[in-house]
Amino acid sequence: EPYWSGMLDRFMSMGVMTLSLAGSFRLLKRERLEERKASVYAEAMSSNDIPAPVMDSTMVKIMFWAAFLFLFAYLQFEAHSFCGAYYPPLRLTVISFVWLAAMLYLIVRRSELGSTIWNILMLFMAAYLVKLLFFDLPFWDFSFSRFVYAGDYSYEAGLMRLLDFIPSVLFFAYAAFVFRQTLKGDGGMSLSLDQIFGASSIILLFLYATFEVNSFLSWKAPGFRAGGISILWSVFAIAFILTGMLKHLKIFRYSGLALFIVVVAKVFFSDLDQLDQLYRIVAFLALGLIILAAAILYVKFKTVFENKPEEKR
């Protein structure tokens, strides 16, 4: 078949080069380790829990990153070709898995790769977000003017988007946790890095849910679309407020309150003109219950966050 013949060509051109670079890296790394063991401070290094810093060699670094980037590019080409031949809707989702696997590998090996790994991960994260928002969304005919996926809603495409976005949300949340634990107390670094990854996780989930619900309701119940989005945003708002109260984080409480203000303004200045009478009643009833629940929770936990110092976040 065309795919398998093409796979052989790709392996001979990129796969063999990747294996060669990986082999060179392993040999240089082994040589570097032997030099370390033979050094006068080998005993001190062996008693340390931190792996020997073999990556301080320029040549070892060059071989590692060359092999890593070649493998990264090769797997993307292979995933693109395989899914294009057998199941095109899964193509960008599988490529996303390659990106996530690459970033996860860097996090797992962070102790060996040195402090520069954080900057590299930030670059990967920025590039990956560009991929999601400016390549994956247009692939599904997303309209940036109406914030919906064009045409009738497809459950197959919806599943592909779920597999694309939700693992990304979970990965960014995990990366935020790792940054927070690993770089705790390291100047101001941990504050900015774990917040950036954590905020990316939350914003990505918010955008994914908004786009998906907006598209589904536009197709299934267009008269309820505006009210449905208001309810969804209210759920996010109450989640932010509850998280802020339980974790003693001002930023979450203030974000939740700000989102509630946006929702109320949206309901009175936009939704009233767009909703049918029945949907208007349902939307107002659901929104009222959510706001009532938020008020009850706020009063219930008010003494908790007032009596405990806030984190500077």
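**Entry 1: a loop residue**

I started at D141, which sits in the loop between α6 and β1 (142–143). This is a predicted model, so I'm reading every value as computed. I then looked up how open the spot is: D141 has a relative accessible area of 49%. The cut-off for exposed is over 50%, so D141 counts as partly exposed.

**Entry 2: another one like it**

I went on to the loop between β1 and β2 (148–149), where I found F147. F147 isn't a glycine either, and its phi is positive, near 60°.

Helix α6 covers residues 117–139, which is 23 residues. I checked its reach: 31 Å from the first C-alpha to the last, close to the 33 Å expected at 1.5 Å a residue. Where does α6 bend? The bend is at L132, by about 30°.

Then I listed what is tucked away in α6. Its buried residues include I117, W118, L121, F124, M125, Y128, L129 and L132. K131 and D136 are on the buried list of α6 too.

**Entry 3: the largest nonpolar core**

L121 came up again when I looked at the largest nonpolar core. That core has 47 residues, and L106, L121 and F172 touch the most other members. Which elements give two or more residues to this core? They are α1, α3, α4, α6, α7 (155–182) and α8 (189–220). The biggest giver is α7, with 10 residues.

**Entry 4: α3**

Among the buried residues of α3 are V60, M63, F64, W65, A67, F68 and F72. Q76 and E78 are buried there as well.

**Entry 5: the second largest pocket**

The lining has 13 residues, and A67, F68, L71, F72 and Y105 lie nearest the centre. How much space is in this pocket? About 270 Å³.

I sorted the lining by where it comes from. At least two residues each come from α1 (2–38), α3 (58–86) and α4 (91–108). The largest share is from α3, which puts in six residues. Then I sorted the lining by class: 12 nonpolar, one polar and no charged residues.

**Entry 6: α9 and what comes after**

I moved on to helix α9, residues 225–247. Helix α9 has 23 residues and reaches 33 Å end to end, close to the 33 Å expected. Just after α9, H248 has a positive phi of about 60°.

Inside α9 I picked I229. Is I229 buried or exposed? I229 has 5% relative accessibility, and the cut-off for buried is under 20%, so it counts as buried.

My last stop here was K250, in helix α10 (residues 250–274). K250 is partly exposed, because its relative accessible area is 35%. F240 is 10 residues away from K250 along the chain, with 9.9 Å between the C-alpha atoms.

**Entry 7: the whole chain**

I finished by zooming out. How many helices and strands are in the chain? There are 11 helices and two strands. Reading from the N terminus, the order is α-α-α-α-α-α-β-β-α-α-α-α-α. The chain has 313 residues, and 40% of them count as buried.

Notes
Residues numbered from 1 in each chain as written. Predicted model: local features only at pLDDT ≥ 70, side-chain atom pairs only at ≥ 80, totals over all residues. Heavy atoms only, no water. Helix = DSSP H or I, 4+ residues; strand = E, 2+ residues; numbered from the N terminus. Expected span 1.5 Å × (residues − 1). Bend = angle between axes of the 7 residues up to and from the residue. Buried < 20%, exposed > 50% of the residue type's maximum accessible area, 1.4 Å probe, protein only. 1 Å grid on protein atoms, 1.4 Å probe; cavity = no way out; pocket = protein on both sides within 12 Å on 5 of 7 lines; lining within 4 Å. Points joined across faces, edges and corners; volume = space filled by probe spheres on them. Nonpolar A, V, L, I, M, F, W, Y, C, P; charged D, E, K, R; others polar. Core = buried A, V, L, I, M, F, W, Y, C linked by side-chain atoms within 4.5 Å.
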